[in-house]
Amino acid sequence: MTQKPYVVEELISAKSIAARVEALAKEISTHYADSEKLVVVGLLRGSFIFIADLVREINLPVEVDFLEASSYGSSTESSREVRILKDLRGEIAGRDVLVVEDIIDTGHTLKHVLEILETRHPRRIEICALLNKPSRRETEVNAKWVGFDIPDKFVVGYGIDYAQRDRNLPHIGAVRFTAEG
Ligand code: IMP
Ligand code: MG
């Protein structure tokens, strides 16, 4: 895939992320202290670093599972249906489910994923998203935990990509294009 040249400008440092993840994990641990059946579901691929750091700060027994939903790619057609490309391995009926997502943008992905998961009769589903772009929301999504609200910028790093690049940056950065593509 050809790409326009761009630079990445740091938006959230690795240190700030670590502090926020620790705080989120504390709240999550308190919230689920009495739950014996917590399953933490990471949405692939963008959440893989976030979920790895988050679960290591949660001091409860947790099961970890993953789900991959189709994305809209570069399309701006935001109401498109979301399909499951890779399903959970485990059962969630009767269980507490914490869905871990990298970014809530328009909200369509999470809305559809939750609709699909609800048909399996979990005890309750909550959402923990690292980043949230409130100004982009097109459909209501209630995330119980959000790491950072960010402006309407395209971001990369800490698991999040631009055309599969820059997932391995330790910080979150905003993409700034430097020339015409
Ligand atoms: P939504 O369905 O519009 O909420 O889209 C959410 C998904 O779009 C996220 O899980 C990301 O995979 C992707 N996405 C949204 N904003 C960005 C961004 O700034 N950088 C990289 N991926 C993004
Ligand atoms: Mg995603």
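Strand E1 and strand E9 (residues 172–177) run antiparallel and are joined by six bridges. The model is predicted. Around ligand 1 stand 16 residues, and an aromatic cluster takes in Tyr6, Phe154, Tyr162 and Phe177.

- E1, E9 and E8 make up an open sheet of three strands, in the order E1-E9-E8, with antiparallel pairing.
- Strand E1 (6–12) and strand E8 (155–156) are the edge strands, each pairing on one side only.

**The shell around ligand 1**

- Of the 16 residues that surround ligand 1, the closest are Asp102, Thr106, Gly107, Thr109 and Val155.
- By class, the shell residues comprise six nonpolar, four polar and six charged.
- Threonine 109 places a polar side-chain atom 2.5 Å from an oxygen atom of ligand 1.
- The most comes from E5, which contributes four residues to the shell around ligand 1.

**Aromatic pairs**

- The count of aromatic pairs comes to five.
- One of them joins phenylalanine 154 and tyrosine 162, edge-to-face, at 5.6 Å centre to centre with 75° between the planes.
- Phenylalanine 154 counts as partly exposed because its relative accessibility is 42%, a value between the limits of 20% and 50%.
- Tyrosine 162 has a relative accessibility of 17% and therefore counts as buried, the limit being under 20%.
- Tyrosine 162 also pairs with phenylalanine 177, again edge-to-face, at 5.8 Å centre to centre and 75° between the planes.
- This second pair ties together parts 15 residues apart in sequence, because tyrosine 162 lies in the loop between E8 and E9 while phenylalanine 177 belongs to strand E9.
- Phenylalanine 177, with 36% relative accessibility, counts as partly exposed.
- Ring pairs link Phe154, Tyr162 and Phe177 with Tyr6 in a cluster.

**Glutamate 68**

- Strand E3 (residues 63–69) contains glutamate 68.
- The relative accessible area of glutamate 68 is 21%, so this residue is partly exposed; buried would require a value under 20%.
- Glutamate 68 and valine 113 are separated by 45 residues in sequence, and their C-alpha atoms lie 9.5 Å apart in space.

Methods:
Residues are numbered from 1 along each chain as its sequence is written. Chains are lettered from A and ligands numbered from 1 in the order in which they are written. This is a predicted model: local features need pLDDT of at least 70, side-chain atom pairs count only at pLDDT 80 or more; totals for chains, interfaces and linings use all residues. Side-chain values use heavy atoms; hydrogens and water are left out. Two strands pair if DSSP finds at least two bridges between them. Helices (H or I, at least four residues) and strands (E, at least two) are DSSP runs, numbered from the N terminus. A residue is near a molecule or strand if one of its heavy atoms lies within 4 Å of it. A polar contact is a pair of N or O atoms within 3.5 Å; within protein, one must be able to donate a hydrogen and the other to accept it, and residues adjacent in sequence count only if both atoms are side-chain atoms. Ala, Val, Leu, Ile, Met, Phe, Trp, Tyr, Cys and Pro count as nonpolar, Asp, Glu, Lys and Arg as charged, and the others, Gly among them, as polar. Rings of Phe, Tyr and Trp (its six-membered ring) pair if their centres lie within 6.5 Å; planes under 30 degrees apart count as stacked, over 60 as edge-to-face and the rest as tilted. Buried means under 20% relative accessible area, exposed over 50%, partly exposed in between (1.4 Å probe, protein chains only).
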